[in-house]
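Me: I would like to learn how to read a protein model, one feature at a time. Please give the general idea before each case.

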Amino acid sequence: MATSAAASADAATDTTAPASDGDGDSPFRIVAVTSCPTGIAHTYMAAESLENAGREAGVDLVVETQGSAGFTRLDPAVIAAADAVIFAHDVPVRDKDRFAGKPTVDVGVKAGINRPAELISEVRGKAERGEVTGGTTPTPVQRGGEEGEGYGSMLRKWLMSGVSYMVPFVAAGGLLIALGFAIGGYEIKSAPSVMQHFVWTQTDSWAALMFQIGAVAFGFLVPVLAGYIAYGMADRPGLVPGFVGGMIASTINAGFLGGLAAGLIAGGVVLAIQRVKIPKAVRGSCRWW
């Protein structure tokens, strides 16, 4: 009788113990963001590598890909429930402050492709040690370079920030120009403005329309490049001086080198102005800085 009671107790212990382990141990949750200068290839390659490594490690991992075609923000509830964050990016992460207060690993996009398992292990270690990021929102120049990173690396990231925003104009404008040539032939570049002459039933008119829209898109290349280089350095206050400097470079036919110089100068000037201490009496009128 006593023996059967003891056996029953052992059996109950064997069956209940695994169940309590399974109920008490929820999977480790990670949210990740991937982005690259062009937002086409490496962004999605890094996302796929992280997802595969997460499945192998038994981790619940969700990735937000900030590609050239835009991005869909992760559900705030998913971010709130996450135990850690991985950033694999070569351009500033958009709305980065959403992930503040969590253990974070911040690396380049190639690290997300080549060593995703190491990143997952590293961020789990930070979570176990209780290391979290601060709640303040850094400027892109601060989040563009990691601790100990030289100015050469930060310069590259500033330039890549401009290039990443310029690429959609190159792609869209180039496609429209190519379609214009394909439909209307090489002579289409000499066609009169569609504002002066456009016939709905003529293919040449449609070819001229596409070519001229593509040419207008190409006209934005240098201003956008300069504007977002300045943005990468100084955040939103750098946009206006960067765009204006880029437009000046385009007007005087300074080309891409002029746009690069204009963006760097604009960003540097804004950063210098931001260091000036503004009296409290006029600070309210200068919030755009």
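Me: What should I know before I start?

Reply: This is a predicted model, in which local features need pLDDT of at least 70, side-chain atom pairs count only at pLDDT 80 or more, and totals for chains, interfaces and linings use all residues. Residues are numbered from 1 along each chain as its sequence is written, and side-chain values use heavy atoms, with hydrogens and water left out.

Me: What is the mean pLDDT of the protein chain?

Reply: pLDDT is the predictor's confidence in each residue, from 0 to 100. The mean for the protein chain is 81, and 80% of its residues reach 70 or more.

Me: How many helices and strands does the protein chain have?

Reply: Helices (H or I, at least four residues) and strands (E, at least two) are DSSP runs, numbered from the N terminus. The protein chain has 12 helices and four strands.

Me: What percentage of the residues is buried?

Reply: Buried means under 20% relative accessible area, exposed over 50%, and partly exposed in between (1.4 Å probe, protein chains only). Of the 289 residues in the protein chain, 37% are buried. As for contacts between residues at least 6 apart in sequence, 66% join residues at least 24 apart.

Me: How do I describe two packed helices?

Reply: Two packed helices are described by the angle between their axes and the distance between the axes. Axes are lines fitted to C-alpha atoms, for helices over the stretch in contact, and angles run from 0 to 180 degrees between N-to-C directions. Here, helix α7 (residues 151-184) and helix α9 (residues 221-234) have axes that come within 7 Å and cross at roughly 145°.

Me: Which residues of α7 and α9 meet?

Reply: On the α7 side they include W158, L159, Y165 and F169, and on the α9 side they include L221, V224, Y228 and M233. Sorted by class, this contact has 14 nonpolar, three polar and no charged residues. In that count, Ala, Val, Leu, Ile, Met, Phe, Trp, Tyr, Cys and Pro are nonpolar, Asp, Glu, Lys and Arg are charged, and the others, Gly among them, are polar.

Me: Where does G246 lie, and what does G246 touch?

Reply: G246 lies in helix α10 and is buried, with a relative accessible area of 0%. Not counting residues up to four places away in sequence, G246 touches V222, P223, A226 and A262.

Me: Is I265 buried or exposed?

Reply: I265, which is in helix α11, is exposed, with a relative accessible area of 57%. I265 and P241 are 24 residues apart in sequence, and 9.1 Å separates their C-alpha atoms.

Me: Which loops hold D95 and N253?

Reply: D95 lies in the loop between β3 (84-89) and β4 (104-107). Its phi is positive, about 55°, although D95 is not a glycine. D95 is partly exposed, at 31% relative accessible area. N253 lies in the loop between α10 (239-251) and α11 (255-274). N253 has a positive phi near 60° and is a residue other than glycine. At 69% relative accessibility, N253 counts as exposed.

Definitions and conventions
Contact = heavy atoms within 4.5 Å.
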